[in-house]
Amino acid sequence: MRRHRPGASRVVLSLAAATFFGASPVLGQEAAAGRQGPIWTLEGLQVGQCVRFLMEPGAAAKELRPGSRLLRADQDQTLHPTLRSVIGEQPEFASWAPASLCLYYSDAIRLGARRLGSKDPRRRQMLGVWSVGATEQGGSRRDFVLELFGASGELAHSAEQAKVKLREARSSRSKPAQRENDLYDVRVGKTRLIWNGRATGDSTRVTSPVRELWLTRGASGIMWRVQTTLQPTWMRPLAGVLTVEGKDDLAKALKASPTRFVGPLYFGGTAELRFSR
């Protein structure tokens, strides 16, 4: 991994260690309490990958709701080794918050009884989430979702009907001429993300799910508690270049981070989001 100065818009990504999945956060399961909401299922996971970065605490804290508290990077036991090495070498970033931007592409997304999909295998459903590490009162981990988005007007409409805030984004995938890389071009608001990279090394079978607990905004002042379970079949390291363009909050947060790391690639299997309040 080559670290870059804050403000730089490109960074070269190195290989993700094959042991990374085992170090991923398993944050427990949601207690069966409160009012149950929608259940979203990603069927036939084709691509799942996350950008791991650090977020300036002042900018992150403005987005939290009362009762949530930012998690410092040096207090995050699940912090990716690449980020941990940064705060070890540059302690001024120890108080920054761990953040992630994850993109999941699947054959279909099932929202309750409704299934969104296409017979064209090139048209995958995309769901994305930008979140920051946080804790609730009492100190239990529950990351705060700053943006939930999807590359489908149908998905945005279905989310609105379920009183879940989801922004419509745009996403395209292509193959550069005479290259093995995949080129992803994602636009979320005024942020543009261009990932030019490929999977490398051998595939490793994933034997345990990754569970995370989130808090995300809904319509009419609703705050949804989300239990997310990712159950991919395989994972592989990634190598490539991530370019960030734009001047809105997401672009600024990514550019300000002292480093950004993409990987690993998850594929096969399913993912599930259970909402409650």
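Visitor: Is Phe 93 buried or exposed, and how are these words to be read?

Guide: Buried means under 20% relative accessible area, exposed means over 50%, and partly exposed lies in between, with a 1.4 Å probe and protein chains only. Phe 93 has a relative accessible area of 8% and is therefore buried. Trp 96 also counts as buried, at 12% relative accessibility. The model is predicted, so local features need pLDDT of at least 70 and side-chain atom pairs count only at pLDDT 80 or more, while totals for chains, interfaces and linings use all residues. Residues are numbered from 1 along each chain as its sequence is written, and side-chain values use heavy atoms, with hydrogens and water left out.

Visitor: How many aromatic pairs does the structure hold?

Guide: Rings of Phe, Tyr and Trp (its six-membered ring) pair if their centres lie within 6.5 Å; planes under 30 degrees apart count as stacked, over 60 as edge-to-face and the rest as tilted. The structure holds 4 such pairs. Among them is the edge-to-face pair of Phe 93 and Trp 96, with 4.9 Å centre to centre and 80° between the planes. Another edge-to-face pair joins Trp 224 and Phe 275, at 5.9 Å centre to centre and 85° between the planes.

Visitor: Which parts does the pair of Trp 224 and Phe 275 tie together?

Guide: Strands (E, at least two residues) and helices (H or I, at least four) are DSSP runs, numbered from the N terminus. Trp 224 belongs to strand E15 (residues 223-231) and Phe 275 to strand E20 (residues 270-276), so their pair ties together parts that are 51 residues apart in sequence. Both Trp 224 and Phe 275 are buried. Ring pairs link Trp 40, Trp 224 and Phe 275 into a cluster.

Visitor: Which residues have the most contacts inside the largest nonpolar core?

Guide: A nonpolar core is a set of buried Ala, Val, Leu, Ile, Met, Phe, Trp, Tyr and Cys residues joined through side-chain atoms within 4.5 Å. The largest has 36 residues, and those with the most contacts inside it are Phe 53, Met 55, Leu 101, Trp 130, Val 132, Phe 144 and Leu 254. Elements that each supply at least two of its residues include strand E2 (36-55), strand E4 (97-111), strand E6 (125-132) and helix H4 (249-256). E4 gives the most to this core, with 5 residues. Apart from this core lies another, of 30 residues, among them Leu 111, Val 210, Val 226 and Tyr 266.

Visitor: Why is E4 largely enclosed by the rest of the structure, and which strands pair with E4?

Guide: Of the 15 residues of E4, 13 are buried, so the strand is largely enclosed by the rest of the structure. Two strands pair if DSSP finds at least two bridges between them. E2 and E4 pair in the antiparallel sense over 14 bridges, and Phe 53 has Ala 99 in E4 as its bridge partner. E4 also pairs with E6, in the antiparallel sense over 8 bridges, where Leu 101 stands opposite Trp 130. Strand E5 (residues 114-117) runs antiparallel to E4, joined by 4 bridges. E4 and E5 form a hairpin with 2 residues between them, and Gly 112 in the turn has a positive phi of about 65°.
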